[in-house]
Amino acid sequence: LKYLFVIFNTMISLVGSRLLCGFPKALQPSAVKPCARWFGFSFAGPRSLDEIVKMDLLKDKSVAEVSDIWMTYHENKENVNGVVLSGKKGKTILSRASACPFFIQPIFREEGFFMLVSQFQKPNHFLMAYLEDYKMDPSAAQPLLTFSIFNDLAEDQDVSLVRCDLINKGIHDGEGIAVLNRMLESYKNDDEFAIVENFNQKPDAFDIDNYISCQNQKWKKENFQES
């Protein structure tokens, strides 16, 4: 665990100088000494699937039926989004997140970008905070976005359900969806996960400039830039 903290704080230092490229000086990162501590906040969203939907509605249903129920349930809810994955991918993400619990995701806007840091909390929750808040005081950093992967149906019905809660209104819904999709891709795709592994375990091999450039291209392609 101590080794993980050392690696993570090394990465925080590397990221810091590129954190808010082009943003106003008031938002630029300050010279803050990193702290080797876990986030102090707890998960804010539903902790179990049955807190969201009655399990009887999903039991013995096909993947298509479960997907329709899940997406319809979240369709008109403010600051909440649902995603459906295969059970295999859902289990892969949680297994990999247990081994590599930290990562970063940028949010791009016309004036530049800012960075979120994610922490996985077992058994199935991801919390994302503003990186600068973490650098100043990990125990006081507040989540901007959280999401959970529920694998209750993964074995019998080969479906995993993802719930994302956008907590801070400073992040727009489209931005939240983009960050969620990038995080899921980072842990479920082999090539993407190699980058997450480097971030957590081999910081010298993590190319922050290339990572930010690739994420920016994906962001532009999906047209999540604020107009």
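Because the model is predicted, local features need pLDDT of at least 70 and side-chain atom pairs count only at pLDDT 80 or more, while totals for chains, interfaces and linings use all residues. Residues are numbered from 1 along each chain as its sequence is written, and side-chain values use heavy atoms, with hydrogens and water left out.

Let's start with the sheet. Strands of a sheet pair through backbone hydrogen bonds, either parallel or antiparallel. Here, six strands line up in the order 1-6-5-4-3-2 to give an open sheet with antiparallel pairing. Strands (E, at least two residues) and helices (H or I, at least four) are DSSP runs, numbered from the N terminus, and two strands pair if DSSP finds at least two bridges between them. From one strand to the next, the twist averages 20°; angles run from 0 to 180 degrees between N-to-C directions, and axes are lines fitted to C-alpha atoms, for helices over the stretch in contact. Strand 1 is joined to strand 6 (residues 159-166) by seven bridges, and G82 sits opposite R163 of strand 6.

Next come the rings. A search of the whole structure turns up 12 aromatic pairs; rings of Phe, Tyr and Trp (its six-membered ring) pair if their centres lie within 6.5 Å, and planes under 30 degrees apart count as stacked, over 60 as edge-to-face and the rest as tilted. F126 and F147 are stacked, because their ring centres are 4.5 Å apart and their planes are at 5°. F126 belongs to strand 4 and F147 to strand 5, so this pair ties together parts that are 21 residues apart in sequence. Buried means under 20% relative accessible area, exposed over 50%, and partly exposed in between (1.4 Å probe, protein chains only). F126 is buried at 0%, and F147 is buried at 1%. Both F126 and F147 belong to a cluster of ring pairs with F120, Y187 and F193.

Finally, the helices. Helix 6 (residues 173-188) and helix 7 (residues 190-201) pack at about 90°, with their axes 5 Å apart. They are therefore roughly perpendicular (65 to 115 degrees; under 35 is roughly parallel, over 145 roughly antiparallel and the rest oblique).
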